[in-house]
Amino acid sequence: MPPPNKLKGKKMDRRLLLISLALPLLAACTTTKFAKLQFIPVKQADHERIQTWPATGSRVTVELGESMIKTYSVATLPAMKLAARFRHITNYRETLRMALDIPAGDLELAGTDENGGKYYAAEPGVELSYESKGAFADPEVLKGGIHVATNGTTSVFWFWPEDAVPNLSPAAELKVAPATVQRPPREAPFQRELVYSGTSQSTLSLLYREFKDNMARPAFSQDLKYDIAKSSVVGFKGSRFEIIEAGNTTITYRILTPLP
(Lines give C-alpha, C1' and ligand atoms only; values in the text may rest on other atoms or scores of the structure.)
Protein backbone atom coordinates (compact mmCIF):
# COMPACT_ATOMS: atom_id res chain seq x y z
CA MET A 1 0.00 0.00 0.00
CA PRO A 2 1.45 3.42 -1.03
CA PRO A 3 2.40 5.82 1.74
CA PRO A 4 -0.22 8.50 2.67
CA ASN A 5 1.76 11.30 1.01
CA LYS A 6 1.84 9.40 -2.30
CA LEU A 7 -1.95 8.80 -2.10
CA LYS A 8 -2.44 12.48 -1.56
CA GLY A 9 -0.25 13.22 -4.58
CA LYS A 10 -2.30 10.90 -6.78
CA LYS A 11 -5.54 12.61 -5.69
CA MET A 12 -4.08 16.02 -6.56
CA ASP A 13 -2.99 14.72 -9.96
CA ARG A 14 -6.54 13.52 -10.66
CA ARG A 15 -7.99 16.89 -9.68
CA LEU A 16 -5.58 18.72 -11.94
CA LEU A 17 -6.43 16.34 -14.77
CA LEU A 18 -10.17 16.93 -14.30
CA ILE A 19 -9.65 20.69 -14.19
CA SER A 20 -7.52 20.63 -17.34
CA LEU A 21 -10.20 18.62 -19.16
CA ALA A 22 -12.98 20.93 -17.95
CA LEU A 23 -11.32 24.21 -18.90
CA PRO A 24 -11.86 23.89 -22.68
CA LEU A 25 -15.51 22.99 -22.06
CA LEU A 26 -15.98 25.99 -19.79
CA ALA A 27 -14.33 28.27 -22.35
CA ALA A 28 -16.61 26.95 -25.07
CA CYS A 29 -19.65 27.68 -22.90
CA THR A 30 -18.54 31.20 -21.91
CA THR A 31 -20.58 33.92 -23.64
CA THR A 32 -18.63 36.65 -25.42
CA LYS A 33 -18.47 39.87 -23.43
CA PHE A 34 -19.58 42.57 -25.84
CA ALA A 35 -18.78 46.24 -25.35
CA LYS A 36 -21.49 48.28 -23.64
CA LEU A 37 -22.10 52.03 -23.71
CA GLN A 38 -24.82 54.08 -22.09
CA PHE A 39 -27.95 54.72 -24.18
CA ILE A 40 -29.44 58.22 -23.74
CA PRO A 41 -32.72 58.49 -25.70
CA VAL A 42 -33.19 61.40 -28.09
CA LYS A 43 -35.95 63.88 -27.26
CA GLN A 44 -38.14 64.59 -30.28
CA ALA A 45 -38.85 68.11 -29.01
CA ASP A 46 -35.16 68.99 -29.43
CA HIS A 47 -35.48 68.44 -33.19
CA GLU A 48 -38.90 70.06 -33.77
CA ARG A 49 -39.84 73.23 -35.58
CA ILE A 50 -43.22 74.93 -35.80
CA GLN A 51 -45.02 74.83 -39.15
CA THR A 52 -48.27 76.61 -39.99
CA TRP A 53 -51.06 75.54 -42.32
CA PRO A 54 -51.95 76.57 -44.96
CA ALA A 55 -48.81 77.78 -46.71
CA THR A 56 -48.54 81.47 -47.58
CA GLY A 57 -50.08 82.20 -50.97
CA SER A 58 -52.12 79.00 -51.16
CA ARG A 59 -55.85 79.00 -51.93
CA VAL A 60 -57.90 76.99 -49.42
CA THR A 61 -61.55 76.13 -48.79
CA VAL A 62 -62.84 75.09 -45.36
CA GLU A 63 -66.28 74.27 -43.99
CA LEU A 64 -68.37 76.44 -41.69
CA GLY A 65 -67.10 75.83 -38.13
CA GLU A 66 -63.64 74.73 -39.25
CA SER A 67 -60.41 76.51 -38.48
CA MET A 68 -58.79 78.53 -41.25
CA ILE A 69 -55.32 78.08 -39.73
CA LYS A 70 -53.49 75.33 -37.83
CA THR A 71 -50.05 74.95 -36.27
CA TYR A 72 -47.99 71.76 -36.30
CA SER A 73 -44.76 70.56 -34.76
CA VAL A 74 -42.54 68.86 -37.33
CA ALA A 75 -39.50 66.87 -36.20
CA THR A 76 -36.57 66.35 -38.56
CA LEU A 77 -33.98 63.97 -37.13
CA PRO A 78 -30.46 63.09 -38.28
CA ALA A 79 -30.22 59.64 -39.83
CA MET A 80 -27.84 57.21 -41.52
CA LYS A 81 -28.66 55.70 -44.91
CA LEU A 82 -27.87 52.02 -45.35
CA ALA A 83 -27.98 51.31 -49.08
CA ALA A 84 -28.24 47.51 -48.83
CA ARG A 85 -29.12 44.90 -46.23
CA PHE A 86 -26.11 44.28 -44.01
CA ARG A 87 -25.12 41.05 -42.24
CA HIS A 88 -22.65 41.06 -39.37
CA ILE A 89 -21.36 37.71 -38.07
CA THR A 90 -19.72 37.39 -34.68
CA ASN A 91 -19.24 34.79 -31.94
CA TYR A 92 -21.92 34.43 -29.32
CA ARG A 93 -19.46 32.07 -27.66
CA GLU A 94 -16.38 30.24 -28.91
CA THR A 95 -18.30 27.37 -30.51
CA LEU A 96 -21.42 29.27 -31.57
CA ARG A 97 -21.64 32.05 -34.13
CA MET A 98 -24.52 34.47 -34.54
CA ALA A 99 -25.61 36.74 -37.37
CA LEU A 100 -27.03 40.24 -36.98
CA ASP A 101 -28.98 41.47 -40.02
CA ILE A 102 -29.88 45.13 -40.51
CA PRO A 103 -32.45 46.02 -43.20
CA ALA A 104 -31.63 48.69 -45.77
CA GLY A 105 -33.12 52.13 -45.33
CA ASP A 106 -32.80 55.37 -43.37
CA LEU A 107 -32.00 54.68 -39.71
CA GLU A 108 -33.01 57.67 -37.60
CA LEU A 109 -31.14 58.93 -34.57
CA ALA A 110 -32.49 57.18 -31.47
CA GLY A 111 -29.94 57.99 -28.79
CA THR A 112 -26.43 58.99 -27.80
CA ASP A 113 -23.80 57.52 -25.49
CA GLU A 114 -21.76 59.12 -22.73
CA ASN A 115 -18.89 59.79 -25.14
CA GLY A 116 -20.96 61.57 -27.79
CA GLY A 117 -21.41 58.55 -30.07
CA LYS A 118 -24.76 58.13 -31.78
CA TYR A 119 -27.23 55.24 -32.04
CA TYR A 120 -29.29 54.95 -35.23
CA ALA A 121 -32.25 52.60 -34.92
CA ALA A 122 -33.26 50.08 -37.58
CA GLU A 123 -36.93 49.45 -38.29
CA PRO A 124 -38.43 47.14 -37.25
CA GLY A 125 -35.14 46.11 -35.63
CA VAL A 126 -32.08 43.88 -35.94
CA GLU A 127 -32.62 40.24 -36.88
CA LEU A 128 -30.48 37.94 -34.73
CA SER A 129 -29.99 34.26 -35.61
CA TYR A 130 -27.63 31.51 -34.44
CA GLU A 131 -25.64 29.19 -36.69
CA SER A 132 -26.83 25.61 -36.94
CA LYS A 133 -25.40 23.10 -39.41
CA GLY A 134 -23.69 25.85 -41.36
CA ALA A 135 -26.77 28.07 -41.75
CA PHE A 136 -28.41 30.93 -39.85
CA ALA A 137 -32.13 30.36 -39.39
CA ASP A 138 -35.13 31.31 -37.24
CA PRO A 139 -34.14 34.92 -36.55
CA GLU A 140 -35.59 36.93 -33.69
CA VAL A 141 -36.10 40.68 -34.03
CA LEU A 142 -34.39 42.78 -31.38
CA LYS A 143 -34.24 46.52 -30.83
CA GLY A 144 -30.99 47.72 -32.39
CA GLY A 145 -29.23 49.23 -35.37
CA ILE A 146 -25.98 51.09 -36.07
CA HIS A 147 -23.70 52.89 -33.63
CA VAL A 148 -21.31 55.56 -34.91
CA ALA A 149 -18.56 56.71 -32.54
CA THR A 150 -17.21 60.26 -32.49
CA ASN A 151 -14.17 59.09 -34.48
CA GLY A 152 -16.43 57.61 -37.18
CA THR A 153 -15.98 53.91 -36.35
CA THR A 154 -19.13 51.84 -36.80
CA SER A 155 -20.64 49.00 -34.81
CA VAL A 156 -23.82 46.97 -34.78
CA PHE A 157 -25.79 47.42 -31.57
CA TRP A 158 -28.69 45.49 -30.08
CA PHE A 159 -30.58 45.12 -26.82
CA TRP A 160 -31.17 41.77 -25.18
CA PRO A 161 -34.80 41.60 -23.97
CA GLU A 162 -35.32 43.61 -20.76
CA ASP A 163 -31.81 45.13 -20.98
CA ALA A 164 -31.45 48.92 -20.73
CA VAL A 165 -27.87 49.05 -22.02
CA PRO A 166 -27.10 47.91 -25.59
CA ASN A 167 -24.35 45.54 -26.75
CA LEU A 168 -21.91 46.64 -29.44
CA SER A 169 -19.93 44.58 -31.93
CA PRO A 170 -17.42 46.46 -34.15
CA ALA A 171 -18.24 46.34 -37.87
CA ALA A 172 -15.59 48.29 -39.78
CA GLU A 173 -16.99 47.05 -43.12
CA LEU A 174 -20.35 48.74 -42.44
CA LYS A 175 -20.79 51.67 -44.84
CA VAL A 176 -23.41 54.37 -44.22
CA ALA A 177 -24.09 57.92 -45.42
CA PRO A 178 -25.63 60.86 -43.53
CA ALA A 179 -29.34 61.52 -44.13
CA THR A 180 -32.40 63.01 -42.42
CA VAL A 181 -35.81 61.60 -41.50
CA GLN A 182 -38.95 63.71 -41.06
CA ARG A 183 -41.50 62.32 -38.65
CA PRO A 184 -45.25 62.80 -39.29
CA PRO A 185 -46.45 66.24 -38.14
CA ARG A 186 -48.30 66.48 -34.83
CA GLU A 187 -50.37 69.31 -33.46
CA ALA A 188 -48.28 71.86 -31.62
CA PRO A 189 -48.91 72.20 -27.86
CA PHE A 190 -49.89 75.85 -28.42
CA GLN A 191 -52.63 76.38 -31.00
CA ARG A 192 -54.26 79.50 -32.44
CA GLU A 193 -57.38 79.17 -34.54
CA LEU A 194 -59.48 81.40 -36.75
CA VAL A 195 -62.81 79.60 -37.13
CA TYR A 196 -65.22 80.52 -39.92
CA SER A 197 -68.57 81.41 -38.31
CA GLY A 198 -70.52 82.46 -41.44
CA THR A 199 -71.67 85.60 -43.22
CA SER A 200 -74.65 87.94 -42.94
CA GLN A 201 -75.07 90.17 -46.00
CA SER A 202 -71.55 91.64 -46.34
CA THR A 203 -70.43 90.89 -42.77
CA LEU A 204 -67.93 88.09 -42.31
CA SER A 205 -67.77 86.47 -38.85
CA LEU A 206 -64.69 84.72 -37.50
CA LEU A 207 -63.88 83.32 -34.06
CA TYR A 208 -60.34 83.60 -32.73
CA ARG A 209 -59.35 81.20 -29.94
CA GLU A 210 -56.25 79.76 -28.32
CA PHE A 211 -55.42 76.33 -26.88
CA LYS A 212 -52.59 75.19 -24.63
CA ASP A 213 -52.09 71.40 -24.39
CA ASN A 214 -55.62 70.92 -25.81
CA MET A 215 -57.13 73.18 -23.13
CA ALA A 216 -59.02 76.29 -24.32
CA ARG A 217 -57.93 79.69 -23.04
CA PRO A 218 -61.27 81.58 -22.82
CA ALA A 219 -59.59 84.88 -21.90
CA PHE A 220 -57.95 84.95 -25.33
CA SER A 221 -61.08 84.22 -27.42
CA GLN A 222 -62.52 86.98 -29.63
CA ASP A 223 -65.48 87.31 -32.00
CA LEU A 224 -64.37 89.17 -35.12
CA LYS A 225 -66.54 90.98 -37.69
CA TYR A 226 -65.45 92.28 -41.09
CA ASP A 227 -67.25 94.19 -43.84
CA ILE A 228 -66.01 92.40 -46.93
CA ALA A 229 -68.00 94.77 -49.18
CA LYS A 230 -65.38 97.43 -48.43
CA SER A 231 -62.36 95.16 -48.88
CA SER A 232 -61.77 91.49 -49.58
CA VAL A 233 -58.65 91.59 -47.42
CA VAL A 234 -59.11 91.12 -43.66
CA GLY A 235 -56.49 91.11 -40.95
CA PHE A 236 -55.88 90.10 -37.36
CA LYS A 237 -52.74 90.45 -35.21
CA GLY A 238 -50.54 91.13 -38.22
CA SER A 239 -51.98 88.37 -40.41
CA ARG A 240 -53.74 89.04 -43.72
CA PHE A 241 -56.34 86.91 -45.56
CA GLU A 242 -57.86 87.52 -48.98
CA ILE A 243 -61.48 86.39 -48.92
CA ILE A 244 -62.28 84.94 -52.35
CA GLU A 245 -65.74 83.58 -51.60
CA ALA A 246 -67.78 83.20 -48.38
CA GLY A 247 -71.10 81.39 -48.22
CA ASN A 248 -73.44 79.55 -45.87
CA THR A 249 -71.39 76.35 -45.89
CA THR A 250 -67.81 77.16 -46.89
CA ILE A 251 -65.24 79.92 -47.18
CA THR A 252 -62.49 80.12 -49.80
CA TYR A 253 -59.50 82.30 -48.99
CA ARG A 254 -55.81 82.90 -49.59
CA ILE A 255 -53.15 83.43 -46.93
CA LEU A 256 -51.27 86.65 -47.67
CA THR A 257 -49.48 86.95 -44.31
CA PRO A 258 -49.62 84.19 -41.68
CA LEU A 259 -50.13 84.81 -37.98
CA PRO A 260 -46.77 85.80 -36.53
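# Notebook: salt bridges, cores and a sheet

I began with R97, which is partly exposed at 34% relative accessibility; here buried stands for under 20% relative accessible area, exposed for over 50%, and partly exposed for what lies in between, with a 1.4 Å probe and protein chains only. The model is predicted, so I took local features at pLDDT of at least 70 and side-chain atom pairs only at pLDDT 80 or more, while totals for chains, interfaces and linings use all residues. I number residues from 1 along each chain as its sequence is written, and side-chain values use heavy atoms, with hydrogens and water left out.

**Salt bridges**

I took a salt bridge as a side-chain nitrogen of Lys or Arg within 4 Å of a carboxyl oxygen of Asp or Glu. Under that rule I have 10 salt bridges.

I looked up the partner of R97 and found E131, with the closest N and O atoms 2.9 Å apart. R97 belongs to strand 7 and E131 to strand 10, so this pair ties together parts 34 residues apart in sequence. E131 has 25% relative accessibility and is partly exposed. I also noted one network, in which salt bridges with shared partners join E210, R217 and K237.

Next I checked R85 and E127, whose side chains form a salt bridge at 2.7 Å, N to O. This pair links distant parts of the chain, 42 residues apart: R85 is in the loop between strand 5 and strand 6, and E127 is in strand 10. R85 is partly exposed at 47% relative accessible area, and E127 is partly exposed at 26%.

Then I turned to D101 and R87, which meet in a salt bridge at 2.9 Å, N to O. D101 is in strand 7 and R87 in strand 6, so the pair ties together parts 14 residues apart in sequence. D101 is buried, at 4% relative accessibility, whereas R87 is partly exposed, at 41%.

**Nonpolar cores**

I defined a nonpolar core as a set of buried Ala, Val, Leu, Ile, Met, Phe, Trp, Tyr and Cys residues joined through side-chain atoms within 4.5 Å. The largest such core holds 23 residues, and M98, I102 and W158 have the most contacts inside it. I listed the elements that give it two or more residues; among them are strand 5 (70–82), strand 8 (105–112) and strand 13 (154–158). Strand 7 contributes the most, namely four residues.

I looked up what W158 touches, with contact meaning heavy atoms within 4.5 Å. Leaving aside neighbours within four places in sequence, W158 is in contact with residues including F34, M98, L100, L128, L142 and P166. I also recorded a second, separate core of 19 residues, which includes V62, M68, L204 and Y253.

I followed an open sheet of four strands with the order 4-23-22-21 and antiparallel pairing, where two strands pair if DSSP finds at least two bridges between them. Strand 4 (59–63) and strand 21 (233–236) are the edge strands, each pairing on one side only. Neighbouring strands of this sheet are turned by 35° against each other on average, direction ignored; the axes are lines fitted to C-alpha atoms, and angles run from 0 to 180 degrees between N-to-C directions.

I counted six bridges between strand 22 (residues 239–246) and strand 23 (residues 250–257), which run antiparallel. I then noted E245, which stands opposite T252 in strand 23.
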